[in-house]
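Hi,

Here's the structure I promised to send over. Have a look at it first, and then read on for what turned up.

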There are 2 protein chains.
Amino acid sequence: MNPVNLKLLAQKLNLSIATVSRALQDSHEVSTQTKERVKALAAELNYQPNAYASSLRRNVSKTIGVVIPEVNNHFFSLAINGIEAVARQQGYHVLIYLTHEDHDREADITQYLTGGRVDGLLMSVAASASQDFSHLKKLYDSKPAIVFFDRVCEELPTASVTTNDYESGYLATQHLIEAGCRHIVHLMIAGNLSIGRMRMQGYHAALESHGIAFDETLVVNGSDDDDGNTHLITDLLRQRPEIDGMFASVERLAISSYQACQALGRAIPADVKIVGFSNLGVASLLNPALTTITQPAYEIGREAATILLRAIEKKHPILPSQSVVLNSTLFPRRSTARD
Amino acid sequence: MNPVNLKLLAQKLNLSIATVSRALQDSHEVSTQTKERVKALAAELNYQPNAYASSLRRNVSKTIGVVIPEVNNHFFSLAINGIEAVARQQGYHVLIYLTHEDHDREADITQYLTGGRVDGLLMSVAASASQDFSHLKKLYDSKPAIVFFDRVCEELPTASVTTNDYESGYLATQHLIEAGCRHIVHLMIAGNLSIGRMRMQGYHAALESHGIAFDETLVVNGSDDDDGNTHLITDLLRQRPEIDGMFASVERLAISSYQACQALGRAIPADVKIVGFSNLGVASLLNPALTTITQPAYEIGREAATILLRAIEKKHPILPSQSVVLNSTLFPRRSTARD
DNA sequence: CTGCCTGATGGAAACGTTTACGTAGATAAA
DNA sequence: TTTATCTACGTAAACGTTTCCATCAGGCAG
């Protein structure tokens, strides 16, 4: 309606647009009096600079993008909390995009983002069957700074913030073995990503070093469909009654495991013991309390955003050497109790 | 580095910038052949239009803002899912801002957003002691379309998407009474908002119609500090041993109630019965399973975004009459079982 | 008095689009 | 023939900032 812009302010003050602009930026080349006059009027008229004009001119958007598989997941929502906290503190805006673990959707989104809409990008790659990362390479070539967190695409030479996935996989599996399990299922997702492979390798190594043969039919690939996962696990448990332990490498699979056990009447931990990666705040209130490997999700978000914004502000490229690995924690609870 | 823009395309094709621009928009005033030439080159060079230039020129940003208290909460994360789904489908980008239930932070954010950065806004107001909504009024005056969801500011004449809060409060309380409770605590938040008042009135009415006296010392105001809330509830339960029911009007307070009971060794549902508003997917897996009033969070997000985008696209103002009320559902579970 | 600096301001270009308007040639209508 | 209409394209202004480059007054040194 009534656009309050630099032109209007300049007219009302009998100044040029240039001077008004400089005054609002506290430029030293405008007199103190003028600055005050300008700022007073700007405040009175509730002037807000047009972000798009500014971005266009300066070629900087003060916006970062966050591309993640989903938000209805405690790991990612906590990470967003961390990201938003540092973005906000440094005056950055946060655009959010959900891939729903869909490779094509992810490609669409990254395509959008090659347009300079964001100064940088925080990303956790979608888990899918595909090993095709060409969309990410294209994105990378188009220039914005990228930092991966948790789910990394290793083919891009940039920084990442991850957790000690190999050790976590090892520890979780060892924990089950020490609790007496001998037939341990590995429920995974993200077979195409390093994170999946690392956890898998930890699982494998733990079995080996405790003299348990690796059985590939005990490795199950879940999807982002909870009901489907529950069915998958239910069938498996029915067909393989010897199964006495389950290692869920993502939160949703731990939940589905509980539901499968409930449906089949298998007692946790008496019949089957379960450990899962999870940031569920109510893990200790579950029936029974769930043993978790918990990632420092909030810190991961903070750290990733910090690396990204530092690079943007200094206009330095992001190097793989800036990568950070944080440690997860195993919280033993009733679901893996030795009776 | 090498900016692929209209000018470059125009040069390479020996066309004017205008023609290239029109060709890319499938304008009828450019020949089919030319269109094809332009599109081919654009694809080859991976041309992406500069979003800021376009927004500046058209005065439309294809971006909506979402302002919510927190994201680490199933209600809001599901709502975001719904919002993102419709935004994405219509080619809109989603900016996210978290208030952490902090009035000042909310004011800061809304101040940012008066700058035309977004075409519209979806908002769930922060719960705080303050009844001061001047920041929202200022925002409203500055023009962007606003739709509230769940947490409404009634002083602004715009649309909202809410649930049947009065009935839900009534139902929850009645459910506890019918399960045998006589001393029912109401754990609330958002005393400054209509949503809080409505649920409260439902609680009040249910007590009255069942001949139970309203006791205002049984109404507790929580905050967004989980540990603090747990302490508050623990103290209350200790001081008032007659309490046999709790109605938590937000998810986090239900969780804190469980923790308080656990700490004090009160059995649920034998000693105390609990019902809470919640979108926790694992409610049925809790110990004991939690009776919930579940809001259709995803649909709320979808609905709110739909109203907003329709208004933006048609450039119609949003009217209060477009408001929608969806129904929540009571899921009785073990936590309110009669024995 | 001239020349030079300094401090405060204005003019205008630039960022990459979109779009109102103009135009040239071709075809059709009068 | 003239005039109108249409097609396909170009010119240039506009969006609101930022910023390079003047300009101009005044002070001061030579």
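How many salt bridges are there between chain A and chain B? The count is zero. Keep in mind that this is a predicted model.

The interface does have polar contacts, though: 20 residue pairs across chain A and chain B, with both partners at pLDDT 80 or more. On the chain A side, α4 (51-58), α5 (74-89), β2 (93-98), α6 (103-112) and α11 (251-264) each supply at least two of the residues that touch chain B. The top contributor there is α5(A), with seven residues. By type, that side of chain A splits into 22 nonpolar, 21 polar and six charged residues.

As for the extent of the interface, 49 residues from chain A and 49 residues from chain B take part in the contact. The two chains bury about 4,900 Å² between them, and 55% of that is on carbon and sulfur atoms.

Now the sheets, starting with chain A. Six strands make an open sheet in the order β7-β6-β8-β9-β10-β12 (chain A), and the pairing is mixed. At the edges are β7 (219-221) and β12 (329-331) of chain A; each has a single partner strand, so one side of each has no neighbour in the sheet. From one strand to the next, the twist averages 15°. Inside this sheet, β9 (273-277) and β10 (291-294) of chain A run parallel and share three bridges, with A:G276 opposite A:T292 in β10(A).

Two helices to look at on that sheet are α9(A) and α10(A). Helix α9 (194-209) of chain A touches β6 (184-188), β7, β8 (245-248) and β9 of chain A, and its direction makes about 175° with that of β6(A). Helix α10 (226-239) of chain A packs against β6, β7 and β8 of chain A, at about 160° to the direction of β7(A).

Over in chain B, there is an open, mixed sheet of six strands in the order β7-β6-β8-β9-β10-β12 (chain B). Its edge strands are β7 (219-221) and β12 (329-331) of chain B, each pairing on one side only.

Cheers

Technical notes:
Residues numbered from 1 in each chain as written. Chains lettered and ligands numbered in written order. Predicted model: local features only at pLDDT ≥ 70, side-chain atom pairs only at ≥ 80, totals over all residues. Heavy atoms only, no water. Contact = heavy atoms within 4.5 Å. Buried area = accessible area lost by both parts, 1.4 Å probe. Salt bridge = Lys/Arg side-chain N within 4 Å of Asp/Glu carboxyl O. Polar contact = N/O pair within 3.5 Å; in protein donor to acceptor, adjacent residues only side chain to side chain. Helix = DSSP H or I, 4+ residues; strand = E, 2+ residues; numbered from the N terminus. Nonpolar A, V, L, I, M, F, W, Y, C, P; charged D, E, K, R; others polar. Pairing = 2+ DSSP bridges. Axes fitted to C-alpha atoms, helices over the stretch in contact; angles between N-to-C directions.
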